[in-house]
Amino acid sequence: MTNSTMTTELDSALEKHRTELTGYCYRMLGSSFEAEDAVQDTLVRAWRSYDKFEGRSSLRSWLYRIATNVCLDMLSAGNKRARPMDLTESTPLAQAALSPRPDHTWLEPMPDARVLPSTTDPAEAAVAKESVRLAFMAALQQLPPKQRAVLILREVLAWKASEVAELLGTSVPSVNSALQRARATLADRADRGDGAAVSDPLDEEQQKLLDRYVAAFEGYDMTALTALLHEDAVMTMPPFDLWLAGPEDITGFMTTLGAACADSRLVRVEANGLPAFAHYKPDPEAGGYTPWAVQVLEISDGRITGFHCFLDTKRWFPLFDLPLRLALEAEADQVQ
């Protein structure tokens with residue numbers, strides 16, 4: 001076998017783990033771009049040190065060990081990514097002000113396709129989707145890094161305690177203790193009603209809810225939108241730390257500070273195991289529609305409970321492989 005053939009085979013063997021490793025690093029780091037950087041670093045390290053890989057564990061386990069070390073190094077600065085509601089109290093509409101914080105503050109959205117490997121097991125797919133939802137991701141960020149790794153490996157990826165202990169260079173009792181503490185932290189957040197109840201795939205009622213949402217938002221019909229929002233619904237807009245609670249303040253914001261979003265268009269995407277949309281607003285200068293936000297929706301009990309708008313479109317739209325302009329319907333018809 002030639003060196004060229006061996007290199008190609010190794011590249012292929014490493015590359016097939018990219019999606020699941022990205023999912024792991026994303027859960028560890030809370031950042032889409034840092035996760036992809038961490039995976040690239042992991043694969044480069046693996047490629048360079050492959051001659052030292054003696055096969056005492058599987059290639060997959062070895063890659064996870066490298067990825068874990070990369071993530072722990074990246075987390076050594078102690079930064080915890082968060083959502084606006086993790087950092088401040090909600091702001092009444094009358095006091096609303098758009099104050100941005102640095103990018104590294106925020107939990108970031110992620111396209112499902114980049115972190116959820118294809119599987120034929122519905123239960124496995126459901127666990128994977130639940131484990132990248134915004135509320136769960138935010139809870140993970142509250143855990144110390146090694147607890148975070150233990151919980152992801154044991155609860156999400158279903159590794160045995162002995163396998164996690166070997167990966168982390170510790171004992172099984174230590175792993176079990178870390179898992180118990182991590183579960184307690186997550187249970188406390190669950191008790192506060194933090195989360196979404198979304199079927200996989202969406203059931204008929206949830207799909208109808210989304211159809212009504214698109215019609216209400218594109219028509220900027222605040223009466224219709226109010227009917228779709230849970231009484232405890234929240235709206236966030238990273239990189240701004242402002243967040244709003246309740247249909248009245250949410251729709252009030254949309255008709256005042258957010259009034260330029262009237263006549264927008266929504267394009268369906270998949271993000272964080274939740275319903276999501278690319279939001280394009282009218283471009284009065286160039287015509288057509290310009291990127292404005294990636295919206296990620298949380299749904300529970302037949303209503304929208306979370307309306308999360310990630311506004312850094314220069315970063316998010318390329319990540320989601322979205323066009324940076326939508327034509328007007330008349331223009332699109334002429335092209336066809």
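Phe-33 has a relative accessibility of 26% and so counts as partly exposed, since that class lies between 20% and 50%. The model is a predicted one. Trp-316 has a relative accessible area of 4% and is therefore buried.

**Aromatic contacts**

The number of aromatic pairs comes to eleven. Phe-33 and Trp-316 form an aromatic pair that is stacked, with 5.5 Å centre to centre and 25 degrees between the planes. The stacked label follows because planes under 30 degrees apart count as stacked. Phe-33 belongs to helix H3 (residues 32-48) and Trp-316 to helix H15 (residues 313-319), so this pair ties together parts that are 283 residues apart in sequence.

Elsewhere in the chain, one aromatic cluster is formed by Tyr-213, Phe-217, Tyr-220, Phe-277 and Phe-307.

**Packing of H2 and H9**

How far apart are the axes of helix H2 and helix H9, and at what angle do the helices pack? The axes of H2 (residues 18-29) and H9 (residues 145-156) are 10 Å apart, and the angle is about 140 degrees. The two helices are therefore oblique to each other; angles count as roughly antiparallel over 145 degrees. The crossing of H2 and H9 is right-handed.

On the H2 side, the contact involves Tyr-24, Arg-27 and Met-28. These residues meet Pro-145, Arg-148, Ala-149, Ile-152, Leu-153 and Val-156 in H9. By class, the residues of this contact divide into seven nonpolar, two charged and no polar.

**Backbone geometry in loops**

Is Ala-158 buried or exposed? Its relative accessibility is 62%, so Ala-158 counts as exposed.

Another backbone feature concerns a peptide bond. Which form does the bond from Pro-238 to Pro-239 take? This bond is cis, with omega near 20 degrees. Pro-239 sits in the loop between strand S1 (229-237) and strand S2 (240-245).

Methods: Residues numbered from 1 in each chain as written. Predicted model: local features only at pLDDT ≥ 70, side-chain atom pairs only at ≥ 80, totals over all residues. Heavy atoms only, no water. Axes fitted to C-alpha atoms, helices over the stretch in contact; angles between N-to-C directions. Helix = DSSP H or I, 4+ residues; strand = E, 2+ residues; numbered from the N terminus. Parallel < 35°, antiparallel > 145°, perpendicular 65-115°, else oblique. Left-handed = near helix turned anticlockwise from the far one by under 90°. Contact = heavy atoms within 4.5 Å. Nonpolar A, V, L, I, M, F, W, Y, C, P; charged D, E, K, R; others polar. Phe/Tyr/Trp six-rings, centres within 6.5 Å; stacked < 30°, edge-to-face > 60°. Buried < 20%, exposed > 50% of the residue type's maximum accessible area, 1.4 Å probe, protein only.
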